[in-house]
Structures are given as structure tokens and as C-alpha cells.
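Walk through this structure with me, one stop at a time. We will look at rings, helices and loops.

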Amino acid sequence: MKHCDHHETMASAKPGPSDVLYTCPMHPEIRHRGPGVCPKCGMALEPVDAGADPDDAELRDMTRRFWIASALSLPLLAYVMVNMIFHDPFKETVSPSVSQWIELVIASPVVIWCAWPFYGRGVRSIVKRSPNMWTLISIGVSIAYVFSVVATVAPGLFPESLRSESGTVGVYFEAAAVIIALVLLGQVLELRARRQTGGAIRELLELAPPTAMRVHEGKPDEEIAVGDLKAGDLVRVRPGDKVPIDGQVVQGEGTVDESMLTGEPIPVEKAIGDDVTGGTVNTAGSFVMRVTRTGSETTLSQIVQMVSEAQRSRAPIQRMADAVSAWFVPVVVVIAAISFVVWLLVGPEPSLPYAIVAAVSVLIIACPCALGLATPMSIMVAAGQGAKQGVLIKNAAALERFEKIDTIVVDKTGTLTEGQPRLVALELAEDLDDQRTMALLAGAERGSAHPLASAILKGLDSRTEQRLNAERFESLTGLGIVASVDGARVAIGSPALMEQEGVDVSPMRDQAEAHRQSGATSVFAAIDGALVALLVVADPIKPTTPSAIQFLHSMNMVVVMLTGDNETTARAIADKLGIDRVEAEVMPDQKAKVIRDLQDEGRIVAMAGDGVNDAPALAQADIGVAMGTGAGVAIESAAITLVGGDLNGLIRARDLSRATMRNIRQNLFFAFVYNAAGIPIAAGVFYPFFGVLLSPMIAAAAMSFSSVSVIANALRLRFHKPPQLPDQS
């Protein structure tokens with residue numbers, strides 16, 4: 001990111017007492033301590049930290065100037081309109097020359113004081129060689145006002161053809177004053193609308209409660225501010241309470257609604273050892289949690305920071321708007337000058353007033369503010385809206401690229417499945433003491449560090465109350481384990497291990513193969529050389545996975561499963577889910593190559609994964625999508641993070657990407673078409689055919705409301721609803 005020096009980012013307004021870092025929503029490379037205006041586009045700066053209290057000084061100032069401008073310009077406009085419609089009914093009491101002096105007195109505070117910030121921005125844009133909307137406004141209003149002042153003070157300087165019977169020259173005080181009032185109105189509406197773009201972040205910040213009930217052993221619970229909590233503190237969460245901060249349940253249990261962070265409506269059961277996130281709601285039950293993360297380390301703080309950075313990033317499509325804006329203002333000035341000359345030479349008499357009206361109208365209506373706002377406003381709203389749906393977007397470029405994705409590569413473990421293997425079946429041989437057999441097997445597994453061991457141990461311990469431990473333990477790589485438990489030799493592992501132990505597995509070979517065909521892992525167990533059990537371990541498919549795959553297919557996406565599992569197990573799961581393509585037995589360092597091969601086929605690939613070994617593939621993919629339940633390095637390598645950790649978030653991300661890009665294109669279309677249609681009308685191209693010549697006041701109204709309309713269209717994204725997935729029940 002480009003950082004400008006202090007002089008380059010100096011704002012017109014003096015920084016307030018705040019030491020907060022501010023930036024421009026249209027030019028995020030601008031950085032400035034305290035509030036001010038952007039030296040490139042003249043827009044009011046906003047806090048870089050979305051959690052900082054917004055400074056409303058700009059809005060208050062513009063509002064005050066608007067009301068004063070309105071109070072003066074509306075009576076002035078009414079007076080001029082009455083004179084025009086009823087042919088100067090006040091001429092008996094007020095002469096035309098005195099009338100113009102009255103107009104000068106009323107309009108001057110509006111044009112000079114109310115519009116003063118506009119002139120400063122306009123002059124700075126010329127000095128910085130970065131012409132913008134304020135360049136056009138300040139030039140247009142200055143021309144109308146200076147001409148009117150000279151015409152009032154020294155009408156004799158003008159040729160007789162421009163003077164009326166009373167010796168006065170037509171003036172445009174009311175046009176200059178009303179233009180300023182309308183531009184101020186546009187600024188007030190725009191500043192208010194821009195504040196709403198950060199509404200989603202403010203809602204996230206408000207999720208966490210201000211206080212928590214800290215637990216002291218032997219003492220009553222103490223209510224303290226959440227900011228005073230430290231890692232290791234114990235906090236009680238009662239039914240209906242919001243979880244105050246990130247932590248781990250150490251006592252009791254609850255049912256927590258995490259929809260505000262993950263987008264998933266189904267509450268999650270929380271028991272001892274489970275993690276809970278600050279800002280979620282405990283709907284039932286009561287538990288005590290130990291604080292694990294505080295301050296900027298909490299999930300909520302990290303989400304807010306990521307969303308804030310995404311809102312300040314620039315989408316590639318914005319380059320088109322930037323390129324147009326770079327030459328747009330100079331071209332408009334040239335068009336205004338040409339309009340002035342043409343009207344002066346060939347326009348109807350008196351030609352000078354017509355020439356001034358045409359030139360000023362072109363300058364005012366062509367302000368490119370709407371063009372510059374089209375992309376950043378949509379990105380700001382979309383990033384905040386995504387956070388509310390459990391979709392964290394690292395930057396605007398990712399949001400734009402995601403729309404073009406046609407292939408989704410998903411890691412099996414932890415993405416399609418829960419990532420927590422379970423003992424799903426236990427088949428014991430006949431004529432056995434079930435309780436002792438399971439206790440012996442559990443005792444052997446208690447010493448193993450294999451990923452499947454914990455699943456087997458947990459399943460066995462839940463089936464027996466006996467607890468035994470291994471006296472001797474040996475782990476045989478690629479085969480299994482052998483241990484001595486309570487005087488018995490226990491072997492658990494593959495058919496090769498059983499053969500080595502002299503155990504006949506033929507009685508259970510068919511059952512084992514059937515389980516493998518269904519996608520599970522089968523392990524044989526023997527005690528003292530006799531086959532006693534078949535242990536079946538599987539990583540259950542997430543309940544949301546089937547509907548998500550179905551929905552991805554409806555979006556014309558090709559789904560590829562990438563896994564290190566054997567071909568049989570992988571294809572069994574793929575067939576069950578309807579996955580299009582399987583890449584099985586892939587080593588961690590080969591995953592990125594698979595992504596490259598797909599890209600070489602011309603596919604635009606998104607990779608979804610959650611493990612450390614997924615990081616290279618996530619970085620290689622056109623879009624890396626990290627499951628929020630995964631490893632930090634995977635999240636760091638990804639462009640999008642799904643807080644909920646399932647594929648429903650992937651669908652929400654794709655849908656949000658499409659909605660955002662559609663919204664941006666609408667904004668750009670409105671801005672381009674508005675300027676393309678407005679400039680010829682303002683220049684008077686249609687006057688010879690239809691007698692239409694745009695008033696500078698109407699041009700100012702159209703210019704102001706064009707910017708507001710673009711922001712209003714961007715704000716529609718706040719009401720965008722994620723797609724409804726098929727019911728899994």
C-alpha cells in the first residue's frame with residue numbers, strides 16, 4: 001500500500017484533538033492523523049479503525065452551512081422567480097439596479113462563506129494537479145458570481161446589447177446561491193449515507209456485552225467491565241446472556257447461538273472443553289468459562305479488523321473508473337469552454353448570458369463524484385454484510401474474482417467432514433466378555449498418539465466403565481500397535497499386523513471391506529492371538545455438506561475433492577455426495593500441483609481447506625477459502641475465511657460476490673450514462689431542435705442527487721439475503 005508523506009495528505013481542516021488515523025474511502029493510500037478531507041478527491045476522511053468513534057465534525061459543518069444557504073437562497077430564488085413570472089411587479093417600489101444590489105447582498109454570504117470549503121478543495125485540486133468535482137464546482141460558481149458582481153457594480157462595462165432599458169445587465173446571483181445550497185444538500189445526504197456503510201461493523205462491535213460476571217472461588221460473582229478481564233479469568237454465562245469474550249467452557253454446559261458470527265441459524269451445544277466466542281448468545285443452560293483471548297486477539301476484534309481492511313481495499317474494476325476520472329475533468333473544462341465560445345458566436349441574442357449558462361451548466365452537471373463512489377461504496381457495504389453472514393473477505397480483489405470461479409476444490413477432512421473421527425461401529429466376536437474385551441482394547445489405545453487412537457479410545461471408554469492401562473506398548477509404523485494390558489497381549493491394526501501376529505481375520509474380512517467401501521476405516525483387534533473385534537472409524541460428513549454440494553452444482557460449479565485418503569474411501573464419499581471429480585492419495589506437497597493442473601485446463605479455481613498442509617494450495621488457487629475452524633496459517637494464506645467452517649459459507653460468499661459485482665456495475669452504468677446524457681443537454685446541443693437549455697440550478701440538483709443515488713444503490717446490499725439451502729431434515 002502506498003503511503004503519502006505528511007504534506008501530500010494534509011487536509012484543509014485542522015486535525016482535531018483526536019490522534020486517530022483517517023483515510024479516504026476512494027483513495028485508501030491517503031493517511032492522515034485526525035479528520036480532514038482527501039487532497040485527491042476532496043471527500044471527507046474516515047477513521048481507518050472501524051471501531052473508532054466516527055468524527056461528525058464534517059457533517060455538522062456541512063449541515064450548518066446548508067441551513068444558512070437554504071435560508072438565504074430560497075427567498076432569493078422566490079424573489080427572482082416572481083419578478084420573472086409577473087414581469088417585475090416590484091419595479092415601482094424597487095428599481096432594477098437596487099434589486100440587483102439586494103440580490104448581491106443576499107447571495108454573497110452563501111457564495112462566499114457557505115461555499116468556502118469548496119473553493120479550498122478546488123484550489124488544492126489544481127495545485128496538486130488532481131482535478132476533481134470541486135474543480136468544476138468552484139470554477140462554475142465563481143464564473144456565475146463574478147460575472148454578476150461586475151454586472152451589478154459596473155454595468156457600463158458591458159456592451160449596450162446586453163443592457164436592458166433600465167441600463168442593467170442580467171445577473172445569476174440566485175443560480176450561484178441555489179447551486180451552493182444544492183451541493184451542500186448533496187454533501188449532507190452523502191455524509192449521512194456513508195456513515196451507514198459502516199453499520200455492519202458497528203453492529204458487530206455491539207455484539208459483545210459491556211460487562212461480565214467474574215467468578216471468584218468462595219466469593220460472590222463480581223460484575224466487571226469486559227475490558228478489565230484477563231486471560232485465565234473465570235466468567236459465568238447464564239441463560240440468555242451474551243458470551244462476553246473468547247474462552248473455553250470449564251464447568252456446566254449450554255446451547256449457544258453463533259448465527260451472528262457464522263450465519264448458521266442452528267444453536268451449537270457447548271460442554272466442558274469446548275471453545276466459545278465473544279458476542280454469541282447462550283440460549284439455554286449455564287456454564288463457567290475460562291478467558292483465553294482478550295483485546296485485539298479476540299475473534300470479534302480480528303473479524304472487525306479484517307472487515308475494516310477489506311473495506312479500504314480497491315477492486316480491479318475500480319481501475320476503469322480511476323482511468324476515466326483522470327481525464328474526465330480536463331475534458332469537461334474543454335467542453336465547457338467550447339460551449340461558451342459556440343454560444344457566444346452563434347447563439348441567439350443576447351449571446352453572452354446564454355454562453356455563461358451553458359458553460360456553467362456543463363461544469364456543474366459533469367462532476368464525476370458518482371463515478372468515483374460507484375465501487376468503494378459497494379465494497380464497504382459488502383464487506384460488512386459478509387461479516388454478518390460469517391464470510392470474512394480479505395480484500396476487494398477477492399470479492400471480484402470470486403464471481404468468476406467455475407471450479408471448487410475442497411479438502412475432505414474438516415471441510416466436507418467434521419474433521420473429528422469417531423468409532424462408528426464395533427463388531428465383537430462371539431463368546432467374549434464384552435466389558436473386559438473393550439477395557440483391554442481401550443488400555444492398549446491409551447498409550448497411542450495416532451490420530452485414530454483418540455477416536456477409538458473415546459468410543460471404547462463410553463462402552464465400558466473399566467479402566468486399564470498398558471504395561472508395555474509398541475507402535476508399529478504403517479501396521480498398528482501391540483501392547484501388554486493386564487497380562488494379555490493386545491494387537492490393534494491392519495491385516496498385515498494380524499498376519500504378523502498369526503491371527504486369522506477371514507471371519508471379519510467381508511465386513512471390513514464393506515465398511516471401507518462405504519468410506520470408513522476398518523481396524524482389526526486381537527487378544528492373545530485370537531481375533532476379537534473389528535473397529536470401524538469414520539469422519540462423519542457434516543450435515544450441511546450434501547445440500548451445499550447440490551447448491552454448488554445448481555450454480556454451475558464443478559466440485560473436486562482433494563484428499564490424502566485411499567482411492568476406495570475417497571470415491572465412496574464422493575459417490576455419496578455427488579462430487580464431480582476425485583483426487584485421492586495426494587500428499588500435502590502435491591496439493592498445489594493439482595490446483596495448477598486444473599488452472600492449466602483453463603479453470604478458475606477456488607480452494608477450500610482448513611489445515612496447515614492446505615496453505616500452499618490455498619495460495620496457488622485463484623481464490624483461497626479458509627474454514628474458520630482451521631489452522632491460522634491456512635487462514636493467513638486465504639483470501640476469504642468462512643467463520644462457520646462449512647460449505648454453506650462458500651455459497652454465501654459466492655452469492656455475495658455476484659450481488660456485489662452486479663451492484664457495482666449498476667453504479668458504474670448510472671454514473672457513465674448520467675454524465676454521457678447530462679453533458680450534451682447542459683451544453684445546449686438540443687436547443688436548436690427542442691428549445692431545451694438546462695438551468696445551472698437544475699444541473700446542480702442532478703449532480704448532487706446522482707452521487708446520493710449511487711450510495712443509496714450500494715446501501716441496498718445491506719438488505720441482501722443469502723440463498724436458502726434445501727432443508728436437511
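The paragraphs below move from aromatic rings to helix packing and then to loops.

This is a predicted model, in which local features need pLDDT of at least 70, side-chain atom pairs count only at pLDDT 80 or more, and totals for chains, interfaces and linings use all residues. Residues are numbered from 1 along each chain as its sequence is written, and side-chain values use heavy atoms, without hydrogens and water.

Start with the rings. Rings of Phe, Tyr and Trp (its six-membered ring) pair if their centres lie within 6.5 Å; planes under 30 degrees apart are stacked, over 60 edge-to-face, and the rest tilted. That rule gives five aromatic pairs. One of them joins Phe66 and Trp67, which are tilted at 55° with centres 5.1 Å apart. Phe66 is buried at 13% relative accessible area, while Trp67 is exposed at 56%. Here buried means under 20% relative accessible area, exposed over 50%, and partly exposed in between (1.4 Å probe, protein chains only).

Arg65 lies over the face of Trp113, 4.4 Å from the ring centre. The rule for such a charge is NZ of Lys or CZ of Arg within 6 Å of the ring centre and within 35 degrees of the ring normal.

Trp113 also takes part in a helix contact. Helices (H or I, at least four residues) and strands (E, at least two) are DSSP runs numbered from the N terminus. The axes of α2 (residues 96-114) and α3 (residues 116-127) come within 5 Å and cross at roughly 45°. Axes are lines fitted to C-alpha atoms, for helices over the stretch in contact, with angles from 0 to 180 degrees between N-to-C directions. From α2 come Val111, Ile112, Trp113 and Cys114; from α3 come Trp116, Pro117 and Tyr119. Contact means heavy atoms within 4.5 Å.

Now go to α19 (residues 567-577). Its buried residues are Thr569, Ala570, Ala572, Ile573, Ala574 and Leu577. They pack against α13 (412-416), α17 (506-517), α18 (545-554), β19 (558-562) and β20 (581-583). Just after α19, Gly578 has a positive phi of about 75°.

Which residue in the loop between α18 and β19 comes next? Asn556 sits there. Its phi is positive, about 65°, although Asn556 is not a glycine. Most residues other than glycine have a negative phi. Asn556 is exposed, at 65% relative accessible area.

Finish with Ser448, in the loop between α14 (434-445) and α15 (451-461). Ser448 is buried at 18% relative accessibility. Beyond its neighbours within four places in sequence, Ser448 contacts Ala453, Phe473 and Ile481.
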